[in-house]
Each structure stands twice: as structure tokens, then as C-alpha cells.
Amino acid sequence: MSTVRAPGDLVDGEAVPGAGQGVVALYREPYGPVHSCGAAGLRGVALEEFGPVSEPVPYRGRKGIITYWPVATREQTVVCGSLRQWRLAVELDFEPGWAAFSAGPVELRWRAGGRLRRWRPDFLARTADGMREVLVLKPPGQESLPAVRLEVLEDVARAARWRVRQVREPTGLRGRNLAWLAGYRFPEGDEDGQGQALLEAFGQPTGLRAGVAASGLDKLTGLDLAYRMLWQRRLLFDIGQPLLPDALAWTA
């Protein structure tokens, strides 16, 4: 565990980023104090399980909203500082390749041009095979982060043994489908027997309403359960098509 220091202290020799040496990282363990360390001190730290260093605020002069996302598979609430972060959180929760994730759990500070720079990468995540990745949203209309910021991030990631991934949040039809399914991400009641009936009904690609009718379940109860099973990946569908009540679904 890193030694607790005054948040944001930049010690002598840390003025110029390079191989992670010029950056101070701040993070807060659950219910604990803020820790500060060099980039190498982040190795092995489970940032994907921590909350933000401090409560995020919307960007000054821009529209923003703070959202609290209860993760479907873990007892964790992810605090998102923008709708773009929220959309990506939905996708990370839906995709089984991600075991855990947190929004803005680390703040990076460094000096450049005589000024103190501060930045919180959008997400720290751990993949199902145990690799930690730092995920950053690409600026709208651009293909990459600003070169200086990306260089700092890559230096820190190299020292911390993370991977860097630049991504875009799901938008358009994919984003709408995920947002709709997210409302069904938590189990409700005893679904085992009813779920088996749906699995049998969707042995071949079948419209949702037709499959529910074939299962013998009540129309509304069965459709709600079918959406839950789509989120759970027990039923599959084409996420590039509108998720209407007659959308095709099939057994995973």
C-alpha cells in the first residue's frame, strides 16, 4: 500500500513526465483516506473496485449530469460524471468480458508549461482474465486524445502495467438497445422454471412475442423475463437491429 501524503504533492524531480516518473496519482480506497503515489505505486491496486477520488462535477459551461450506476453483477455503485460515461458504464456492465470497472477512480497530476495539470481517465477496468485496462473516451469528432495527454497516460500505464484503450460510448441504435435492456438487468422473483420454458421456446430464432406465447407464459410476465434473459446473455439477439417486441431472439 502506498504511503499517504498530502494530496497532489509534486516532489523534486517530478516536473517533467517520462516513463511514469513525472506524475503523481491520487486515489481513495473505500471509506479510507486519499493516497498519493508515483505511477509504479499503482501496480496491483484494485482501482476498478474503488470510487472516485472525490465527487465528480459537470464541466463548467457544459451540460452535465451526475449518475449513480448500480452494477448488475457486483455490490458496487459506479459514479459517472457525464452522460458519455454513463453510456459506457452500461456497455461495460453488459459485456461479460469485463469483471469489474469504476469511473474516475484515479486522478493524475503533473506539471507542464509551468502549470499543474490534472486529469481523471474515464474508467479503470479489470477484464475477465485479470488484465487491468484504463479506458478513455475519445473526444467527440476526434480519433485520439491530445498527444500530450496520451503520452502521459501511456507512461503511467507502462509503469502501472495497465493497457490503454481509447473507446467511444455506444450511441445510436446500439446505445438505445443497451439503455432499454439495462432496465431489466436485475433478477426479479423466482425465474428458474419460467426461464427454462423460454429457453425451450427460443431454440430457433423467434420473435420475442411469438416465443413468449409458445412458452405458455403470461404475455407481460414472459416478455419482461425475456428482456432480462437478453441482458443476462441467456438469450441472444442482433444488437444492431431495433429491440422491438417482435425482434428475433434465440437460445445462447
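Predicted model: local features only at pLDDT ≥ 70, side-chain atom pairs only at ≥ 80, totals over all residues.
**Overview of the charged pairs**

Across the whole structure, a search returns 17 salt bridges. Side chains of opposite charge can pair when their charged atoms come close. The stops below take some of these pairs in turn.

**Stop 1: Glu49 and Arg126**

Select Glu49 together with Arg126. These residues form a salt bridge in which the closest N and O atoms lie 3.4 Å apart. The pair connects distant parts of the chain: Glu49 belongs to the loop between strand E2 (34-37) and strand E3 (67-70), whereas Arg126 is in strand E8 (residues 123-127), 77 residues away. Colouring by accessibility separates the partners. Glu49 is partly exposed, at a relative accessible area of 36%, while Arg126 has 18% and is therefore buried, since the cut-off for burial is under 20%.

**Stop 2: the network around this pair**

Now extend the selection to Glu48, Arg74 and Arg132. Through salt bridges that share partners, Glu48, Glu49, Arg74, Arg126 and Arg132 are joined into one network.

**Stop 3: Arg84 and Glu169**

Next, select Arg84 and Glu169, whose side chains meet in a salt bridge with an N to O distance of 3.3 Å. Arg84 is part of helix H1 (residues 83-94) and Glu169 is in the loop between strand E10 (163-167) and helix H3 (172-182), so the bridge ties together parts that are 85 residues apart in sequence. Arg84 is partly exposed, with 23% relative accessibility; Glu169, at 13%, is buried.

**Stop 4: Glu107 and Arg120**

Move to Glu107 and Arg120, a salt bridge whose closest N and O atoms are 2.8 Å apart. Because Glu107 lies in strand E6 (residues 106-112) and Arg120 in the loop between strand E7 (115-119) and E8, this pair ties together parts that are 13 residues apart in sequence. Glu107 is buried at 7% relative accessibility, and Arg120 counts as partly exposed at 24%.

**Stop 5: helices H3 and H6**

Finally, display H3 and helix H6 (residues 219-231). The axes of H3 and H6 come within 9 Å and cross at roughly 115°, and the crossing is left-handed. Show side chains at the contact: from H3, select Leu178, Trp180, Leu181 and Ala182, which meet Tyr227, Leu230 and Trp231 of H6.

Technical notes
Residues numbered from 1 in each chain as written. Heavy atoms only, no water. Salt bridge = Lys/Arg side-chain N within 4 Å of Asp/Glu carboxyl O. Helix = DSSP H or I, 4+ residues; strand = E, 2+ residues; numbered from the N terminus. Buried < 20%, exposed > 50% of the residue type's maximum accessible area, 1.4 Å probe, protein only. Axes fitted to C-alpha atoms, helices over the stretch in contact; angles between N-to-C directions. Left-handed = near helix turned anticlockwise from the far one by under 90°. Contact = heavy atoms within 4.5 Å.
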